[in-house]
Amino acid sequence: MIQLKTMLNCIDNSGAAIVECALVVGQKRHATIGDRIVAIVQKQRGATDAGMGAASAANKVKRGDIRHAIIVRTKKKVQRPDGSVVRFDDNACVLINKAGDPIGTRVNGVVGAELRRRKWSKILSMAPTHA
Amino acid sequence: MIIQSARHPLGSWKAVLRRAQQQQQFLLRTMATATTTTITNTSIPPPPPPSSKPKSGWVKSKKVKFHVIKSTVPGKPIRTAFAVYPRGHSARAINPEALKTFHAQQIKRLDKTGARTALFSKANPDAAKPGDVLQVTTNRGGEPFAGVCLSIRRAGVDTAILLRNQLTKIGVEMWYKVYSPTVTGIEIIWRRPKRARRARLTYMRKPKHDMGNVDHLVEAWRRTRNVFTSGKGAKAGQHLGRPGKHAKGKRGR
């Protein structure tokens with residue numbers, strides 16, 4: 001149940017650590033696994049408390065950037081066509097560009113298998129496991 | 001209506017059509033109740049008699065009675081236009097446990113050997129219980145999902161189990177329907193040495209009680225199973241077997 005102001009973990013190596021949902025693209029309901037959202041980068045990976053140092057040089061996105069993202073995990077249960085249900089312990093997403101290609105080059109962590117049905121095979125192939 | 005039609009030229013058409021429909025209905029109504037002698041324009045037609053009647057025990061001479069009210073003339077009550085039909089038999093009287101029978105029939109259809117029922121039966125001392133580590137194999141491909149059983153939702157053919165595991169340090173919970181045709185196998189990987197004193201182990205979501213990843217248990221189970229299959233008896237110590245080594249050690253203290 002991702003909606004306006006929801007904070008999500010970003011699990012790719014694009015440089016974002018925590019993003020905030022600003023819009024669910026293409027629908028008026030809350031978003032779930034496989035849905036596209038517009039997200040604002042709230043926290044950068046590798047950024048220290050003092051400010052953005054040299055560590056953030058490799059980051060493709062920085063704090064305040066507005067990017068599109070695909071939700072890959074939700075705390076809300078998602079039901080599959082066969083009646084089984086999956087639920088994760090956190091909300092997580094992967095940043096993509098406008099064309100739908102992932103910004104990062106790797107995904108750290110499990111992603112939902114709903115991405116296959118939603119045709120996000122690029123993210124699926126980057127993920128170490130799917131559940 | 002005239003004002004309306006002036007504003008919306010099509011509105012008047014709609015009104016005309018509606019009126020025509022109403023008239024048609026009214027005509028039908030009068031025809032349907034034409035057999036009854038006492039009829040007024042404002043009478044509401046009696047509800048249609050139930051079309052499906054049970055075969056036996058049902059009143060054959062289903063006579064339509066009319067509601068009667070008292071009149072001022074003694075001995076001559078007024079018969080109204082309201083028909084009173086005898087009450088239909090309830091389905092419960094014919095089949096008092098319809099839902100139970102349905103569940104039993106569906107379980108029989110989906111679980112022909114009765115293994116799944118036994119695996120989660122309360123009567124079976126070797127049944128899987130909350131706190132045990134179970135592995136579910138599906139015919140959807142992909143890896144079988146193993147996890148600690150947090151709860152068993154007993155609901156006839158809809159009986160389901162909740163498994164929890166940690167994949168890449170993220171907690172993942174899966175509900176599986178026990179009798180689902182997509183679930184090809186459910187195996188007990190590890191038995192909790194001591195019986196859980198709760199039916200729903202939701203506290204195991206907390207970091208303090210979380211089991212974490214159960215892959216090491218799955219690995220150990222696979223190794224023991226390989227020993228058995230390569231050895232003489234493939235049937236021993238498998239999925240309905242007794243507690244593993246771990247449990248024995250605890251019990252013998």
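This is a predicted model: local features need pLDDT of at least 70, side-chain atom pairs count only at pLDDT 80 or more; totals for chains, interfaces and linings use all residues.
Two strands count as paired if DSSP finds at least two bridges between them.

Select A:R87 and B:E173. In β6(B), B:E173 is the bridge partner of A:R87. Now show the side chains: A:R87 and B:E173 also form a salt bridge, and their closest N and O atoms are 3.2 Å apart. The rule finds two salt bridges across the interface of chain B and chain A.

**Stop 1**

**Stop 2**

Which strands make up the open sheet, and in what order? Colour them one after another: the seven strands run β5(A)-β6(A)-β6(B)-β5(B)-β4(B)-β3(B)-β7(B), with antiparallel pairing. At the edges stand β5 (78-79) of chain A and β7 (183-190) of chain B; each has a single partner strand, so one side of each is left without a neighbour in the sheet.

Next, pick residues 160-167 and 170-177 of chain B, which are β5 and β6; they pair in the antiparallel sense over eight bridges.

**Stop 3: the interface**

Select the residues in contact between the chains: 17 come from chain A and 15 from chain B. Together the two chains bury about 1300 Å², with 57% of it on carbon and sulfur atoms. Six residue pairs are in polar contact across this interface, both residues of each pair being at pLDDT 80 or more. On the side of chain B that touches chain A, β5 and β6 of chain B each supply at least two residues. β6(B) gives the most to that side, with eight residues. Colour the side of chain B that touches chain A by residue class and you will find six nonpolar, four polar and five charged residues.

**Stop 4: an aromatic pair**

How many aromatic pairs does a search of the whole structure find? There is one over all chains. To see it, show the rings of B:F145 and B:Y176, a tilted pair with 6.3 Å centre to centre and 50 degrees between the planes. This pair links distant parts of the chain: B:F145 lies in strand β4 (residues 145-153) of chain B and B:Y176 in strand β6 of chain B, 31 residues apart.

**Stop 5: a salt bridge within chain A**

Over all chains, the structure holds 15 salt bridges. One of them is found by selecting A:D90 and A:R73, where the closest N and O atoms are 2.8 Å apart. Here, too, distant parts of the chain are linked: A:D90 sits in the loop between β6 and β7 (92-96) of chain A, while A:R73 belongs to strand β4 (residues 66-73) of chain A, 17 residues apart.

Note on methods: Residues are numbered from 1 along each chain as its sequence is written. Chains are lettered from A and ligands numbered from 1 in the order in which they are written. Side-chain values use heavy atoms; hydrogens and water are left out. Helices (H or I, at least four residues) and strands (E, at least two) are DSSP runs, numbered from the N terminus. Contact means heavy atoms within 4.5 Å. Buried area is the accessible area (1.4 Å probe) that two parts lose on being put together, summed over both. A salt bridge is a side-chain nitrogen of Lys or Arg within 4 Å of a carboxyl oxygen of Asp or Glu. A polar contact is a pair of N or O atoms within 3.5 Å; within protein, one must be able to donate a hydrogen and the other to accept it, and residues adjacent in sequence count only if both atoms are side-chain atoms. Ala, Val, Leu, Ile, Met, Phe, Trp, Tyr, Cys and Pro count as nonpolar, Asp, Glu, Lys and Arg as charged, and the others, Gly among them, as polar. Rings of Phe, Tyr and Trp (its six-membered ring) pair if their centres lie within 6.5 Å; planes under 30 degrees apart count as stacked, over 60 as edge-to-face and the rest as tilted.
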